[in-house]
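Thanks for making the time, everyone. I would like to walk through one model slowly, so please keep the structure on your screens while I talk.

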Amino acid sequence: MNSPDFFNHLLAALIYAVLGIVILVLGFVLVDKLTPGSMWEELMVKQNVALGVATAGIAIGLSIVIAAAIV
């Protein structure tokens, strides 16, 4: 592999990674807006473990969908 191809692929990977992270954050914001209460307050202030586990499941699910859409 020559050097310009490597950097083009690296740049594409970085762009897709940033795009995936932005979509993941937007997905969290959308879920937070669609559910009653504030997820951030429940997680950080009230230390709600059940919501933390549910949020982790949402993150994994969104990540799988985003990865499948990008690849």
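Let me begin with a definition: helices (H or I, at least four residues) and strands (E, at least two) are taken here as DSSP runs, numbered from the N terminus. What we have is a predicted model, in which local features need pLDDT of at least 70 and side-chain atom pairs count only at pLDDT 80 or more, while totals for chains, interfaces and linings use all residues. Residues are numbered from 1 along each chain as its sequence is written, and side-chain values use heavy atoms, with hydrogens and water left out.

With that in place, Ala 17 sits in helix H1, and Ile 66 belongs to helix H3. How far apart are Ala 17 and Ile 66 in sequence and in space? They are 49 residues apart in sequence, yet 10 Å apart in space, C-alpha to C-alpha. For burial, we call a residue buried under 20% relative accessible area, exposed over 50%, and partly exposed in between (1.4 Å probe, protein chains only). Ala 17 is therefore partly exposed, at 38% relative accessibility, whereas Ile 66 counts as buried because its value is 10%.

Val 25 has a relative accessible area of 46%, so it is partly exposed.

Now to the helices themselves. Two packed helices are described by the angle between their axes and the distance between the axes. Here axes are lines fitted to C-alpha atoms, for helices over the stretch in contact, with angles running from 0 to 180 degrees between N-to-C directions. The axes of H1 and H3, the latter being residues 49-70, come within 10 Å and cross at roughly 140°. That makes H1 oblique to H3, since angles under 35 degrees count as roughly parallel, over 145 as roughly antiparallel, 65 to 115 as roughly perpendicular, and the rest as oblique.

Turning to the stretches between helices, Pro 36 lies in the loop between H1 and helix H2, which is 39-45, and at 80% relative accessibility Pro 36 counts as exposed. Pro 36 and Ile 58 are 22 residues apart in sequence and 16 Å apart in space, C-alpha to C-alpha. Gly 37 and Ile 66, 29 residues apart along the chain, have C-alpha atoms separated by 26 Å.

Glu 42 is partly exposed, with a relative accessible area of 25%.

Finally, Gln 47 lies in the loop between H2 and H3, and its relative accessible area of 55% makes Gln 47 exposed. Most residues other than glycine have a negative phi, and most peptide bonds are trans. Phi of Gln 47, however, is near 55°, a positive value in a residue other than glycine.
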